[in-house]
Structure formats: structure tokens, C-alpha cells
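Dear colleague,

Here is the structure you will be taking over. My notes on what was found in it follow below.

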Amino acid sequence: MQPRLCAFLTLLVVAMSGCPARERAGDEPAEQKKEGRLTVTPAEAVLDVDGKNSASISFRVLRGDEDVTDQASLWVDDARLGSFSGATFTSVPGAAGRTTVRAQLEGDTGSASLLLRVRAVVIAPGAPPDAPDRFGGAADPSRAPELVYPPNGVLVPPNIQMLEFQWHKRTATLFELSLVGEALDLRIYTPCASVGSGCGLIPDEATWKLLQQVARGRTVKWAVRGTADGGGTGTSGSFDLSFSEEDMRGGIYYWAAGAGSIMRYDFGLRRQRAEAFYTPLQAVATCVGCHALSRNGKRIAVGMNIPGPAMMRVLEVATRTKLFEVGMGVPLGDGSDYQAFTPDGSRLITVEKGGLSIRNGADGALIGTRPALPNANMPDVSPDGKQVVFARGSCPVVLCPTLQVENAALLLVPFANDTFGMPVELVPKAAGQNNYYPSFSPDGRLVVFNRSGGTSYDAPDARVMIVPTAGGQPIDLAAVNAQLGNSWPKWSPFQHRFRGATIFWLTFSSRRPYGLRQPSAAQLWMVAVDAGRLVRGEDGGFPPFWLPFQDPGTGNHIAQWVEVVDRAPCSDLDRSQCQPNELCVQGMCVPGLQ
């Protein structure tokens, strides 16, 4: 009988019997089909890499008991980590992390897990070459270091210039600093480099770059072991250190009080410290102080000399060309101590005659009356340019001093068509409370501000508080306010991500110790905050960290952020607009390496 006729008769018999038909001719039984799915081995692969060179690992693909490796296609979900050639995966140099290996053959698929883990040992200057072998002694608690800085749970941008690890040494003289996470096992061996009453280590550039690459978007635990003379070993506890997913961008302009200058730091440039942007010599003034910038970084307004009120000068940032001035800087005369640009710099909200005035950002022409909104101070404009937040304190009927406020409330006022609307109270006055220095978050949903019990000027009890613009109870950032005297809070204009949460960044000025170091003046600190938690009325603050580009010997305040650092153009033939300390790089004047 022909096969085709046989199959037909079989189906006919089944149909007549009322029994369900089995698979059609050529179909596999259900059990066999299940066994035909692909198995990728090793199922949980770990590939150790050194962070500098590529490494390889081979996989095997089975369909049931049949080896189909040569027929299957393989790839990884995260192509940034590496790629396949046949059944061999080769990593990208410096890559680390976890991904999924995928295999496919016809309609069958399979998968496995792959972890690229960086293992690296660094012998720091002064440590013996055999340092790793000297930590095998018995446990000795007297040699267990005590961790100090960075604080436990801190979150930092991956491209922060440097981070100094600090600890108390106890009786040890040789140390192993470990940074360990799922994709990292980094060990640095070092003697004690004295920092205050303990030790410190700043990883070299190559080691820090490795840490940035591997730890981006992740948390690592850092700890220190100590030993001496090949004897016992003591082990510290561990601190969490986390890195956001994105690099910090833009720049900060801040007031260095000791020098009376405006300093600038550009997060887009590597291996540089803050540069002097506008000095008393350039301004032909005794001091350059309070300042504000447009969000796009194109214009800056600076206060000069005596703030009674101060003479205000507006410049184009790239060339430092003067656009206009307001006031003469004489007591009780014209001028402005506090000001804020609209995001595009087209309008400047000043504090004149005790209230808010509106000026053209290009030529200083007054728009409307002066003041347009009386008894209003310390303005900030929302990111969309539609609202202004300000402080309103207690003041005499005729004259409102503007350098400082007392017993102030915070108010929001609509701003449209060069006109202020009706102010509404955001944070009311309360006995023994002074609310001041307000600033809008990058999305406009939050306002950060200072609160103290007395005057706003250099308040030793100043706290950093946050309130939703929709209203509600102000939130006390406990990690920041564990030490008081935190002034001039300002937002970075960028939103980052970490473990699915939206992260904002704040800077503020504080005289707190920098770990084991004791700065002689106020310094700039930075803190990450979970925006979602703040909007829900919760404290979303992480521990703060010291910004490493500043001079610890000068008081630093008012870290005003911009989205882009605007620089003067140049060419190989024309460097006339570059400052004496600047080089012409890719058509822009940039500071030389410092």
C-alpha cells in the first residue's frame, strides 16, 4: 500500500471511531517537542576580566541530547558588553555587568545568564609588591580600621572627578581597600597617607576610571582591612557607595568669598579644577559676589562691591562682554542684591526698591514699574518661565532692606506677558521661623529653601527644606541637616536615574567637616534626592558629599547651575577672546590642565 493512501485510511478510521486525532503525519509528540527546546550551557556563566583587556568564553547549545552548537545563532541582550563569533563570546575591553545569552535554531530558543566580573589588584605608591600576601594573619580587632568618608549610602554621579576614601587606622600600618559588587572585585593596597587623625586614599585616574565604568548605575560595598608587620589582620565594617546611571553635565558658577571672585567648574571637562571666571581685576571692583545665570548658560548677572544694594552688572558669559549695569553700589541707592533670569535669558527679575522689577535681559530696559511687586526678595524663575517664587519678610512700610530677610514666608506668583499675577502663599510665616533662598527643581514641582530661627545672613542654624509647589508640609532633609549651617541650596538642572527612581541633585554651602579634613571656611556640598519620594511628601535625601574641584581654603557659596558652559570661540589663527590661562581646543577657549 502507498504511504499516502495508508495515512488517508488511518485518518478515516480515527474519524469514524469518534476518537480525537493525534498529530498529523510529520508532527512530533508533545513530549518530544518539549525536549526539542534549546539548552545553553553554562547556564550561569561568570567571565572574570581585568577591566582593560577583552576575554572570551565558549557556550554549548543542546536540543534534547543533540549538540546543535554549530547550527544555532547566539547573541547577548546587552551588546555593550561584547559579541559572539560562532559559539564564543568576547567581551569589550573595560565592560562589566550582567546580561542574558540568547540562542535560536529554527523555532526553538534557549537562554543562559552571563556575568562579566572585573577582578583587579592595585598596588598604590609606598605599598610593598607582596602586599596582598600579608593579610593572612589571624583576626585582630585592634587593627580593624574605622570607615569615615564617603558616608554610608551616598549616591554620586559616575563622572565625579575624584573621591577620597578616609578611615581611622587603629594600630595597622598597611591597608587593603576593597570595592566589591556583583560585577566588581577591586583591591587597592596602600600604606597610611595621613589625613587629619587618620588615613586617606584617592584612587589614581586609571583605577577611578575603571570604577566609574563598572559601577555606573550600581552599588558597591567598600571596606578596609589593616595589618602590620605581617601579623594579625583587622577588618572594618562596610559602607555602600552608589553611582547614578548618567554623567553629570553642565557647569557650576560659585562665589569664592576669600578671593572675591566668581569661579566656574565645567563637568564636561576632565582633569581640571575650578577656573576663575570673573575676578575683581576683570571687573575693576573690590569684590564680585552674588550672581545669577540664565538656565541656558548665556548670561550672568553679578553684584559688585558693597551690597547696600550692590551695583549689578550683566555679561555675556562666553566673551564676558558687559551688556548693562544697574545702580552705583552706594548705600540706600539703586542696585540689586538678588536677581533671576528667565530660562532663555530674555528677562531679568531684579530686587529694586524693596521689591521685584522686570528688566530686558539684553539691554536692561525697565519693563513696567519699579518695583512691579513690592516687598519681595530672593526670586527664582520656574524652568518653564511661568512662575516666580520669592521670600517676603517683615519690613518697614517705607523701606525694605534686601540683603537679608527675617520671619519670611515663601510665595508663588504667576508670570506671563511681562506681568506678575496674584501671589499665593507656599510656606507661611510662623513664629521663630525664617524661610528664604527659594529655588525651583528641574521639573518645577518642588522648591528647595533655607529655614532658620533668625536672620537669613550666614545663619548658623540654617536647614535645607523642600516643599512641593502644589503645597504641603515642608520636608526636612535629615541626612543634610544632621549638621546645621547649610546655606544657599540650588538645583542642578538635570534629571538622572538610579534603580528606576528619578534623581535630582542639590548643592549647598556648609562649614561641616569633610570626613577627617576640617575646612577653614564654607565649602560646596552636593546631595542626591529621590524626586518621587519628595513629591509624595517623604524625605528622599541621600547623604551629601564634598565637591572635589574647589579650594578648601576659601569660603565657597551660591553654586548656580547652567545646562551648558558657554565658551568663547577661537581658532589656531585667532585666540584673541581666550583668557591668559586658556587654550584653543576644537574651536573653543578652555582652561589648561590644572
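**Disulfides**

A disulfide joins C578 to C589, with an S to S distance of 2.0 Å; a disulfide here is a pair of cysteine sulfur atoms within 2.5 Å. The link of C578 and C589 is left-handed, with -80° about the S-S bond. C578 lies in the loop between strand 46 and strand 47 and C589 in strand 48 (residues 588-591), so the pair ties together parts that are 11 residues apart in sequence. Helices (H or I, at least four residues) and strands (E, at least two) are DSSP runs, numbered from the N terminus. C578 and C589 are both buried, where buried means under 20% relative accessible area, exposed over 50% and partly exposed in between (1.4 Å probe, protein chains only).

Before going on, two notes on the source. This is a predicted model, in which local features need pLDDT of at least 70 and side-chain atom pairs count only at pLDDT 80 or more, while totals for chains, interfaces and linings use all residues. Residues are numbered from 1 along each chain as its sequence is written, and side-chain values use heavy atoms, with hydrogens and water left out.

By the distance rule, the count comes to 3 disulfides. Another is formed by C570 and C584, whose sulfur atoms are 2.2 Å apart. C570 lies in the loop between strand 46 (556-562) and strand 47 (582-585) and C584 in strand 47, so this pair ties together parts that are 14 residues apart in sequence. The link of C570 and C584 is right-handed, with 100° about the S-S bond, and both cysteines are buried.

C192 and C199 are also joined by a disulfide (S to S 2.0 Å). Their link is left-handed, with -100° about the S-S bond. C192 is partly exposed, at a relative accessible area of 25%, whereas C199 is buried at 0%.

An open sheet of 4 strands has the order 24-25-26-27, with antiparallel pairing; two strands pair if DSSP finds at least two bridges between them. Strand 24 (288-293) and strand 27 (321-326) stand at the edges with a single partner strand each, so one side of each is left without a neighbour in the sheet. Strand 26 (residues 311-316) runs antiparallel to strand 27 and is joined to it by 5 bridges. In one of these strands, strand 27, V326 is the bridge partner of M312.

**Helix 3**

Which residues of helix 3 (residues 205-215) are buried? They are T207, W208, L210, L211, Q212, V214 and A215. What covers them includes strand 10 (108-123), strand 13 (165-168), strand 14 (174-181), strand 15 (184-191), strand 18 (219-227) and strand 20 (239-243). After helix 3 comes G217, with a positive phi near 75°.

**P93**

P93 is in the loop between strand 8 (88-91) and strand 9 (97-105). Leaving aside residues up to four places away in sequence, P93 touches K52, N53 and S54, contact meaning heavy atoms within 4.5 Å. The C-alpha atoms of P93 and N360 are separated by 53 Å, and the two residues are 267 apart along the chain.

Regards
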